[in-house]
Amino acid sequence: MSPEENKPTDFIREAVAEDLKSGRFNYVRTRLPPEPNGYLHIGHAKAFLIDYLIAKEFGGELNLRFDDTNPAKEETEYVEAIKEDARWLGIDWGGREFYASDYFDKLYEWAIALIKKGKAYVDDQTAEQVSKSRGTLTEAGVESPFRNRSVEENLDLLERMKKGEFPDGSRILRARIDMAHPNMVMRDPAMYRIIHEPAHHRTGNKWCIYPLYDWSHGQNDSMEGITHSLCSLEYEIHRPLYEWFLKELGVFQPRQIEFSRLNLTFAMMSKRKLRKLVEMKIVNGWDDPRLTTLRGLRRRGVTPAAILDFIKRIGVAKADSWIDMALLDSCVREDLNKHSLRRMAVLKPLKVVIDNYPEGQAEEMDAINNPEDPGAGARKIPFSKVLYIEQDDFRETPPPKYYRLYPGSEVRLRYAYFIKCTHIVKDANGEIIEVHATYDPATQGGDAPDGRKVKSTIHWVSAAHAKQAEFRMYDRLFTKENPDEGDDFTAFVNPNSLEILSGYVEPHLASAKAGDRFQFERQGYFCADPDSTPDRPVFNLTVGLRDSWAKIEKKQG
RNA sequence: UGGGGCGUGGUGCAACGGCAGCACACCAGACUUUGAAUCUGUGAAUCUUGGUUCGAAUCCAGGCGCCCCAGCCA
């Protein structure tokens, strides 16, 4: 595919191109506006990547700007975490890092200017009174009794609000627009509220009035010379206000364009509910691999490249939509298939004894590291008389279409020998504890000189050489496509979202470092967890391989 | 019954008045030292009614459905 064909087109890119062509703007600058009150999730990744890629495609730049206008909710801890996650995603803001709080002084000046124009006033009503007098969706609001105060009185009161003379909630500064406006956002929206405590994470106790989103965002965009302020659909009705403030102030007007946010099936994207999952200990922290937080995805083993590919594939539009989690899985598999080293790991071990293999003998088998990448080379893996294979790869009585090992069947041990099952040994409870087999020495490496075929190739590890390991098998966190819908999302938590298995890996894996990714052949992609110790590596299931046998088996009932 | 948006296969996105296409999912087959990957193929969609037009997913009008807005959150 040529770069030309690969170029995504969507209504936003079309609008940007058109603005450049018409001369409305002669450069492109976008912005990432996270609020430092929580960790980033894959929904943020969509927004971030749209901002970043569009700026890049049009030769423009990207500003990172923390939207820190509410000290009651925001903390420095999140600022650092957000930067770390954004960098991991591959976003480059070239040192252009700003804060809404950088502009508090200028904003205050502008508030004074609006008061002088008669476009803003201090309202002494309580929050409840303001709310009641706003009207409803179908009825106009009523004007505040304080709406027609003199400019002097408004100026005086705003200054005293700023000085901290009044308690929280006692007064607000409002824009003077139209209490009968059909768009509720335009009914004299609040601009400043009084907040004494806690101290702001950057400005400390300098301020006790803080701007609201509507009174801050557009002005910040304007000051930074943002050309395209891209945001999600819920801000569409705020656009008239965004434009109203800039027009009244007579300053540079960026263009706000809205797109639909990401909804992913079986995932939780609400910051509040994410927090609840963590606080209720339903998951083990913000980086729990079952979460679609960027930290969770990273710990799970998902790559930034897979996320980027995913975001490109889902496109940009305005329709409310739900993306199938299977698409993310597909992107992850595609990337990992190309890049991860193959290893053998037995998750649910079953002992196999090769009766005709000499006791005490061991040999080294050649194994390819990644058939998709010849440059990845090969390795040696030890083979001996006693092995572990996967419990699923043996059946005492095979169902139809079962190609693997069962009494009398012959299979290939990957990169080793053909073996034929002779008999099994059970314990007192009737559980199979050992499978006995004979091997064909002529099939060394896995090829039969007489040309005979086997239906199946299975993986194994040598019991004497294998390393014990823990496997954390993750499944979707919720049992419902949209857990956010309904009274209590915790009712839809999948009780089997984590299964911990104890098994064996080939010796090479003893040295796996946290974050290393592998494909365990015939199983799936795994990522070494930070909980790993030299004695006991821990691997997280990133995503399983496609499993057409599982489908056949399911159909058989 | 205010205002703002959105309706294309199961899901998501294209087609910008001229043969409705791509991806994921699904199903069937080929190949296979991973029942993986890869390859081939099948099925499956324009919310509805009317209008304009030689021709409408696209333009116009009405209807229906869904989403957002009554925070001193963002």
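**The open sheet**

Analyst: Seven strands make an open sheet with mixed pairing, in the order E10-E23-E24-E25-E21-E22-E11. Strands (E, at least two residues) and helices (H or I, at least four) are DSSP runs, numbered from the N terminus. Two strands pair if DSSP finds at least two bridges between them.

User: Which strands stand at the edges?
Analyst: Strand E10 (341-343) and strand E11 (345-346) do; each has a single partner strand, so one side of each is left without a neighbour in the sheet.

User: Is this an experiment or a prediction, and how are things numbered?
Analyst: This is a predicted model: local features need pLDDT of at least 70, side-chain atom pairs count only at pLDDT 80 or more, and totals for chains, interfaces and linings use all residues. Residues are numbered from 1 along each chain as its sequence is written, chains are lettered from A and ligands numbered from 1 in the order in which they are written, and side-chain values use heavy atoms, with hydrogens and water left out.

User: Back to E10. How many bridges join E10 to E23?
Analyst: Three, and E10 runs parallel to strand E23 (residues 517-520). Arg 342 has Gln 519 in E23 as its bridge partner.

User: And E23 to E24, parallel or antiparallel?
Analyst: Antiparallel, with four bridges. Phe 520 is bridged to Gly 524 in E24. The hairpin of E23 and E24 has three residues between the strands, and Arg 522 there takes a positive phi near 70 degrees.

User: What about E24 and E25?
Analyst: Strand E24 (residues 524-528) and strand E25 (residues 538-544) are antiparallel, over five bridges. Ala 528 is opposite Phe 539 in E25.

User: New topic. Why is E8 called largely enclosed?
Analyst: Five of the five residues of strand E8 (residues 228-232) are buried, so E8 is largely enclosed by the rest of the structure. Buried means under 20% relative accessible area (1.4 Å probe, protein chains only); exposed is over 50%, and partly exposed is in between. His 228, Leu 230 and Ser 232 point one way, while Ser 229 and Cys 231 point the other.

User: Which strand does E8 pair with?
Analyst: Strand E9 (residues 255-259), in the parallel sense over five bridges. Ser 229 sits opposite Gln 256 there.

User: How much of chain A is buried overall?
Analyst: Buried residues are 51% of the 557 in chain A.
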